[in-house]
Amino acid sequence: MSYKNRFMQNAAGLLFFAILLLAMAGSAAAQEGQKVKKFLTKPLVIEDQGSFFIGGVPKVTNYATVPAANNPNQAATPNQITIGQMYVQFQIPVHKMPKMPPVIMVHGSTHTAACLESTPDGREGWFPYFVRKGISTYLVDQAGRGRSGFDESVIHEAAAMIRNGDVQNGTALIPSFGRITDNGAWTAWFGHLIPAGSTILTGTLIQHGDPGDPPDDDALHSDNYRPAYPIGTVDPNIVSRTGAMAQAPAGPNNYYALDYYKQLVPNAEVTLPGSTCASCDPTAIAPANTWTPLDLAMLVEKLGGAVVATHSQSGIMGHHMVRILKERGHLDMLKGLITIEGSCSLPNSGLKAEDFDHIPYLALKGDYTATSEVCTTTVNAINARRTAGHGTAKADYIKLDELGNPVFNGTTHMMMLGTNNLEVADVILNWADQNITAKNKSGKGKK
């Protein structure tokens with residue numbers, strides 16, 4: 001081959017290589033431009049993460065499974081299943097906040113730990129935010145809910161009794177699953193269904209602050225702001241009611257299509273057995289307040305001490321957990337209790353104000369909900385002991401709608417998912433820094 005031909009061949013090869021590099025660079029740039037917005041505010045540096053289960057008991061039952069469809073008369077056989085266990089996921093930061101114990105977060109009714117991971121519009125949730133602040137953080141799915149599973153054998157047993165003719169007892173055995181509906185969440189957190197007395201088929205959903213907002217709401221919020229929540233994040237397929245079942249609500253369609261609604265699941269903990277508590281009022285304890293409190297107490301013990309933050313339904317569960325830790329002689333392992341828009345009742349959970357002499361206590365509320373008399377009573381009772389010279393730990397009831405900061409206007413019950421979720425988290429973190437880490441520095445309640 002002549003020098004000229006070799007030169008032309010090499011030049012062609014170099015040109016092809018250059019074109020290939022340009023194409024790859026263009027493709028990479030295009031992919032970079034197409035990347036979905038990141039949920040995290042910035043990279044999160046952790047030293048460990050994982051999940052595990054805690055608690056639970058074995059149950060031997062003839063109703064763990066159902067007969068095969070081709071053999072409906074097959075005799076039931078005993079099997080063992082585990083019930084009452086609790087799923088836990090965690091992240092441990094590399095750089096930890098000095099003296100700060102781990103934090104355990106507990107979701108409320110009809111939810112799972114998903115509500116603490118990220119927001120419906122794809123922003124950083126409380127879980128990574130607390131880890132970013134240097135706190136080892138643990139999320140749980142309540143026993144009987146979500147990834148913790150439930151006891152299906154109760155339903156199978158009820159069905160078998162009904163098939164065998166014992167309709168009355170079989171029907172009585174079927175658990176009543178509670179859940180928050182889509183429109184129920186709307187009217188509980190975000191607005192109203194008007195006119196009064198209408199149903200979703202005849203009435204219209206409106207936001208707080210809309211024209212027609214009932215005047216009896218004035219005591220709970222200002223008419224000048226709307227919910228601090230990503231209500232605009234909707235599923236277009238649900239807006240258009242693609243594949244919908246039965247008739248359509250009156251609307252607006254967008255209000256029935258929030259991505260948030262997909263988080264809502266049945267309260268399947270009703271399939272678990274309840275318990276009794278001699279010191280509690282009432283003494284009969286529902287399944288929800290039986291298993292999750294026990295599992296939380298075991299988790300606090302496993303971690304060698306922790307702060308527990310509850311939300312809504314799980315508020316009273318946190319208090320029952322305190323009672324169980326007290327009964328087990330491990331009350332000193334609880335480094336703080338944070339109750340977010342949940343029950344603060346001491347009598348219901350068999351507790352007294354003196355049980356919190358060395359446990360920092362915070363009750364927190366947003367807008368659209370009335371001030372809890374029970375939480376006020378509990379905080380006042382704890383602080384009365386401080387006035388009398390008993391105990392050292394602080395008790396506070398923080399009402400975000402009374403702080404005078406515009407960022408908290410419209411804070412909903414689901415504040416961990418709101419547009420101001422990280423500002424609310426900062427209120428909790430600042431309180432913890434002042435009352436939990438400072439408490440440890442003084443030598444009280446060492447881990």
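This is a predicted model: local features need pLDDT of at least 70, side-chain atom pairs count only at pLDDT 80 or more; totals for chains, interfaces and linings use all residues.
Reader: Is G251 buried or exposed, and what is its relative accessible area?
Author: Residues are numbered from 1 along each chain as its sequence is written, and side-chain values use heavy atoms, with hydrogens and water left out. Buried means under 20% relative accessible area, exposed over 50%, and partly exposed in between, with a 1.4 Å probe and protein chains only. G251 therefore counts as buried, since its relative accessible area is 2%.

Reader: Which residues is G251 in contact with, leaving aside its neighbours within four places in sequence?
Author: G251 is found in the loop between α6 (236-239) and β9 (275-276); helices (H or I, at least four residues) and strands (E, at least two) are DSSP runs, numbered from the N terminus. T204 is 47 residues away from G251 in sequence, but the two C-alpha atoms are 5.6 Å apart. With contact meaning heavy atoms within 4.5 Å, the partners of G251 are G203, T204, L205 and Y256.

Reader: What is the omega of the peptide bond that joins G251 and P252?
Author: P252 is found in the loop between α6 and β9. The bond that joins G251 to P252 is cis, and its omega is about -5°.

Reader: Where is P282 found?
Author: The peptide bond from D281 to P282 is cis, with omega near 5°. P282 itself belongs to the loop between β9 and β10 (284-285).

Reader: What is the phi of S312?
Author: S312 is found in the loop between β11 (306-311) and α8 (315-327). Its phi is positive although the residue is not glycine, with a value near 55°.

Reader: How many residues of α7 are buried?
Author: Helix α7 has 16 residues, 288-303, which at 1.5 Å a residue should span 22 Å, and this agrees with end C-alpha atoms 23 Å apart; the expected span is 1.5 Å times one less than the number of residues. Among the buried residues of α7 are W291, D295, L299 and E301. The helix is mostly covered, and the buried count is twelve.

Reader: Which residue follows α7, and what is its phi?
Author: The residue after α7 is G304. Its phi is positive, near 75°.

Reader: Which backbone atom does the side chain of R386 reach, and at what distance?
Author: R386 lies in helix α9 and counts as buried because its relative accessibility is 19%. Leaving aside neighbours within four places in sequence, it is in contact with F356, D357, G391, T392 and A393. A polar contact is a pair of N or O atoms within 3.5 Å; within protein, one must be able to donate a hydrogen and the other to accept it, and residues adjacent in sequence count only if both atoms are side-chain atoms. The side chain of R386 reaches the backbone oxygen of H390, at 3.1 Å.

Reader: Over which residues is the pLDDT below 50?
Author: The protein chain averages a pLDDT of 90, and 87% of the residues score at least 70. The stretch with pLDDT below 50 has 13 contacts in the model beyond near neighbours in sequence, and covers residues 440-447.

How values were computed:
pLDDT is the predictor's confidence in each residue, from 0 to 100.
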